[in-house]
Amino acid sequence: MMQNVHLAPETDEDDLYSGYNDYNPTYDTEELENDTAFQQAVKTSHGRRPPSKTSLASSMGRPMTGAIQDGVTRPMTAVRAAGFTKAALRGSAFDPLGQSRGPAPPLEARNEDSPEEKIRQLEKKVNELVEESCIANSCGDLKLALEKAKDAGRKERVLVRQREQVTSPENINLDLTYSVLFNLASQYSANEMYPEALNTYQVIVKNKMFSNAGRLKVNMGNIFLKQRNYSKAIKFYRMALDQIPSVHKEMRIKIMQNIGVTFIKTGQYSDAINSFEHIMSMAPNLKAGFNLILSYFAVGDREKMKKAFQKLIAVPLETDEDGKYISPNDDPHTNLVIEAIKNDHLRQMERERCVEVVKASQYVELANDLEINKAITYLRQKDFNQAVETLKMFEKKDSSVKSAAATNLSFLYYLENEFAQASSYADLAVNSDRYNPSALTNKGNTVFANGDYEKAAEFYKEALRNDSSCTEALYNIGLTYKKLNRLDEALDCFLKLHAILRNSAQVLYQIANIYELMEDPNQAMEWLMQLISVVPTDSRALSKLGGLYDSEGDKSQAFQYYYESYRYFPSNIEVIEWLGAYYIDTQFCEKAIQYFERASLIQPTQVKWQLMVASCFRRSGNYQKALDTYKDIHRKFPENVECLRFLVRLCTDIGLKEVQEYATKLKRLEKMKEIREQRTKSGRDGSGGPRGRRDGSAGSDGGQNCSAGSRGERLSAQLRALPRTEEPYDSSSNKELDASYVDPLGPQIERPRTAAKKRVDEDDFADEELGDDLLPE
């Protein structure tokens, strides 16, 4: 084996290129077959044993892969892994981040005494002084602003000297110097120290290192204008105008305007006219146009004054007619001025003359439309008297205008239930224009109000023949057929209308109501469901749907819709009554208490609600609370016989001594009741036959009217049918409570739609009228 080990020759260490030309037999693959050590390593496991130290050195003296030099293992690959060496396996800890070397050395402390640091601190102080000066000026403290500006100027000069000592002059902060000088000049000018301000501006303007400093000559011109040195003001304005490029159009226009104003002050009106004419040709504005008119007035040129005025009124205001009377801010003085001029004499004269000019022009029809819109504005402001007066002015106009005005007048009087006046103006509108569908609709409405439904239907049909898209006429003819009990024709009208007005709550309600009248509750409920999808918070629609489910025997669905109706409108006495009766019927008397208590708050003079509260307490076993409630009722209604009967019954059951007192009061009241009944009976027996028949007939009519006018009295009457003294009050008795549905809408008169728009509340849509905008036909 030793014959294959070659020792490295002793060479000069300074010879960096030694050994590169020597031949290394290790790489001689042809002699591997004759290498005994290699063949043995291949045939046996000898090659897997760790090599000896003598076999790790190459024949050329170069350390082999994995050799150890100076305690550090050479990596097995050509690139050493970051932070990892074989030395870690020989006693050193694994430390890929090098944390064992200790923390990083601390940062060097900033030397505050160095010249660079002093310069930075001084520059920061100068900027702070400039900001404080500007803030003091904005707050109105001009003296403090000037002091801060002067202090900033002094410190800035010290800063410049220090920079010159440390660095080259090219490193001076010119922006800071410019801002300090400009602020100082502005503060001098604000304190009316004009010579000092001019001197400071001169320092800036003469310094060629400041770019765009020439525009500051505008400020110098303003100072000369304040000093009334108009010639110098014009000079500096023109110098600034020459130095400002043409791309800054707005600034050049403002300088030209200053030049024109200065010429006016010097009396050079011709030069002022040239300046203002140039402005009006380039970028017209209100101030330049007004000054141009004044200049022409000064030279006495009336014709050019007129042309200048035409140019002035052609300048856009950049605001709408209503927006110019809206304050752009919350300034109380500005708001007061706007409020004062909103309807002053000049504003009134403006409106009158505007209408007069339009009337005298070829656009006379536009003037009529303006007057109609004026009346509509009065209507929106709920000033009906002014609206009527405005519309009456059209009675002597031509037929089309007269018809439009008369239509709106008929609409107004119809809303005020003055049907005679409404009919009169409807006739005037129809006679002026027989093909006006709005006029025919309003005429049909007046006839409908008088009960002549057949004739009203004829007017509505004629309106539809003239304009098939007149939805008001179609809706009203549906109501007319409904009044005439021609339900199929009425349903056909409302279904056609539904195809036009898909989400109209009124149309959906009318369809549902007609199906209910046709005794088709399933269709009625389906249309009411569509209605609720349009107006989900309408309490009347919800209660109506609950009533239909109740009539079909579905108490759970009925309760759901009644409860939703109560949630949106907790003051509907019929809904409250039904919910209380439902809980009593389902043996939850304690839940019914809250509803009857609310009913007693809504109708405090109705004793039946308080009696129901006491009965619920008694039914739920709270006898003491029931007794207290009955006593409270007796104090409020001492003549109520039913309350005394319950008090006697409860005191007897409990064994109270007060039973005798209540029994005595009860007997006295019953005796008085018998006496009144005997007197009433004897009076009827002694009355004459014809008179009795007349009274009976009247009573019959009155009874029918009462029944028709109070469709929710069935449950109320049964609630009042309380047991006698010898019978215990049992709130679960079917004789006393009837939870059947009563119509929550109550008696209402269906009115036809008018031809003008009437806002309809979503919660009160039933049997109301829709209308169109108050526009001339």
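Helices H8 and H9 are roughly antiparallel to each other, because their axes cross at roughly 155° and an angle over 145 degrees counts as roughly antiparallel. The model is predicted. H8 covers residues 249-266, and H9 covers residues 269-282. Their axes come within 8 Å. The crossing is left-handed.

Now look at the residues that meet. H8 contributes Lys249, Ile253, Met256, Gln257, Ile259, Gly260, Val261, Phe263 and Ile264. From H9 come Tyr269, Asp271, Ala272, Ser275, Phe276, His278, Ile279 and Met282. By class, the contact of H8 with H9 holds eleven nonpolar, four polar and two charged residues.

Move along the chain to a second pair. Helix H28 spans residues 607-619, and helix H29 spans residues 623-636. These two pack at an angle of about 165°, and their axes lie 7 Å apart. That angle makes H28 roughly antiparallel to H29. H28 passes H29 in a left-handed crossing.

Which residues in H28 meet H29? They are Val607, Gln610, Leu611, Val613, Ala614, Ser615, Phe617 and Arg618. Their partners in H29 are Tyr623, Lys625, Ala626, Thr629, Tyr630, Asp632, Ile633 and Lys636. The contact of H28 with H29 divides into nine nonpolar, three polar and four charged residues. Among the charged ones, Arg618 belongs to H28, while Lys625, Asp632 and Lys636 belong to H29.

Definitions and conventions
Residues numbered from 1 in each chain as written. Predicted model: local features only at pLDDT ≥ 70, side-chain atom pairs only at ≥ 80, totals over all residues. Heavy atoms only, no water. Axes fitted to C-alpha atoms, helices over the stretch in contact; angles between N-to-C directions. Helix = DSSP H or I, 4+ residues; strand = E, 2+ residues; numbered from the N terminus. Parallel < 35°, antiparallel > 145°, perpendicular 65-115°, else oblique. Left-handed = near helix turned anticlockwise from the far one by under 90°. Contact = heavy atoms within 4.5 Å.
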